[in-house]
Amino acid sequence: MTARLLVAPMAWLAVGGASPLWTPQDVNDRLLAAHNAERIRLGIPPLKWSDKLARQSREWAQQLTLIDGLEHSDTADYTDPTDGEEGENLWRGTKGYYTPEQMVNLWVDERKIFVNGPFPRNSTTGQWRDVGHYTQLVWRSTTEVGCAIAASAEDEVLVCRYLEGGNVIGEKPY
């Protein structure tokens with residue numbers, strides 16, 4: 001078995017525009033569609049929604065509302081041999097200012113400086129963290145995603161978990 005090193009980026013923002021109220025299913029559909037729009041644009045198979053990953057994302061998003069900033073979960077199944085290795089994207093922004101599409105598209109915007117080389121040589125800046133959300137979102141071998149948004153008094157946190165995780169050293173995203 002080859003050892004795989006998975007790395008995951010984080011994003012934090014504090015500005016934006018007003019967002020409407022959403023139903024949980026509506027949010028799930030919109031988050032999935034935002035992910036798949038970019039994958040389809042690239043000719044990569046679309047992701048399927050995972051309720052299991054969404055539950056895990058919800059638990060971690062709720063925990064993140066209790067702290068300032070973002071940090072990756074220590075409990076993510078990054079190396080579970082029965083399910084595969086997970087990836088995780090994190091985002092935080094001002095409560096009520098972003099739609100689900102805007103949240104995901106802030107990760108997609110990283111493509112402006114993306115290079116499709118072997119990870120971690122994927123950024124025109126030389127810093128993989130500048131494109132790490134994008135590479136996870138478009139990682140070819142990723143087939144499932146589950147996301148959740150949780151809110152504190154001031155912020156919203158989006159956590160998306162992916163199966164199979166991307167950002168594997170030495171592999172190309174697609």
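## Layout

Reading from the N terminus, the elements of the protein run α-β-α-β-α-α-β-β. That gives 4 helices and 4 strands, taken as DSSP runs (helices H or I, at least four residues; strands E, at least two) and numbered from the N terminus.

This is a predicted model, where local features need pLDDT of at least 70, side-chain atom pairs count only at pLDDT 80 or more, and totals for chains, interfaces and linings use all residues. Residues are numbered from 1 along each chain as its sequence is written, and side-chain values use heavy atoms, with hydrogens and water left out.

## Burial

Of the 174 residues, 48% count as buried (under 20% relative accessible area; exposed is over 50%, partly exposed in between; 1.4 Å probe, protein chains only).

## Aromatic pairs

Rings of Phe, Tyr and Trp (its six-membered ring) pair if their centres lie within 6.5 Å; planes under 30 degrees apart are stacked, over 60 edge-to-face, the rest tilted. The count comes to 5 aromatic pairs. Phe114 is in the loop between helix H3 (100-108) and helix H4 (132-138) and Tyr174 in the segment after strand E4 (155-163), so the pair ties together parts 60 residues apart in sequence. Phe114 is buried at 13% relative accessibility, while Tyr174 is partly exposed at 27%.

Phe119 and Trp139 pair edge-to-face, 6.3 Å centre to centre with 80° between the planes. Phe119 lies in the loop between H3 and H4 and Trp139 in the loop between H4 and strand E3 (144-151), 20 residues apart. Both Phe119 and Trp139 are buried.
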